[in-house]
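Here is my note on this structure. Please keep the model open while you read.

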Amino acid sequence: GTVVNGAAVQFSGSVYDSEAADDFVVTDAGGWDVSGVNLQVTFSDVAPGGITYDVNVYPDSGGAPGGSATCSYPGIAGTLDGSETGLSISLPSTCSLGAGTYWLSVVPNFIWPPQFYWSMNGDAAINASGHWRNPGDGYATGCTAWAPNSSCGFVESNYLFESLGAAGGGGGGCTAGGLCLEVTPGT
């Protein structure tokens, strides 16, 4: 298995299995209905066909992802743009979130190589710094539980993503990668 910039290729039971997450804040008192996510990504080579992604939205637990996902979508397809740097994932059902802080995690499922990178930026953390975990400690970082990126050897603070949907519990209809005139609730 391989991990770079926080995102990992999953191998069942591998010491290299890992997961990255970054936080976002639902500011609308009526909540948000998230229907998709867009991420900036790169591959070390041509992206393999048939990739699926595990998308999880975790509650906040003291500035880190909480234990159980609020919304969990295992093995769903995504769409890469022509340059293979923009990944759009439409959720199979809406993730309804009340006001508060949440953590997005997207992990690809495919056989290595190539390597998958969830792009990051070097700016100061927006909200909390992105977090990463490698329960089997295959990378010898000591980050076997959620820890800030800086504690795991990453220089950059934040993962690049946006959530798509509607504010105020209004349902929406926006799709990942599409033009949506309703609301892009957060990045």
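The points below cover the core, the salt bridge and the aromatic pairs.

1. Basis. The model is predicted: local features need pLDDT of at least 70, side-chain atom pairs count only at pLDDT 80 or more, and totals for chains, interfaces and linings use all residues. Residues are numbered from 1 along each chain as its sequence is written, and side-chain values use heavy atoms, with hydrogens and water left out.

2. Strands are DSSP E runs of at least two residues, numbered from the N terminus.

3. Salt bridge. There is one (Lys or Arg side-chain nitrogen within 4 Å of an Asp or Glu carboxyl oxygen) in the structure. Glu-19 pairs with Arg-133, with the closest N and O atoms 2.8 Å apart. Glu-19 is in β3 and Arg-133 in β12, so the bridge ties together parts 114 residues apart in sequence. Glu-19 is buried at 10% relative accessible area, while Arg-133 is partly exposed at 21%. Buried means under 20%, exposed over 50%, partly exposed in between (1.4 Å probe, protein chains only).

4. Aromatics. Nine aromatic pairs turn up. Rings of Phe, Tyr and Trp (its six-membered ring) pair with centres within 6.5 Å; planes under 30 degrees apart are stacked, over 60 edge-to-face, the rest tilted. Trp-118 and Phe-161 are edge-to-face, at 6.2 Å and 65°.

How values were computed:
Helix = DSSP H or I, 4+ residues; strand = E, 2+ residues; numbered from the N terminus.
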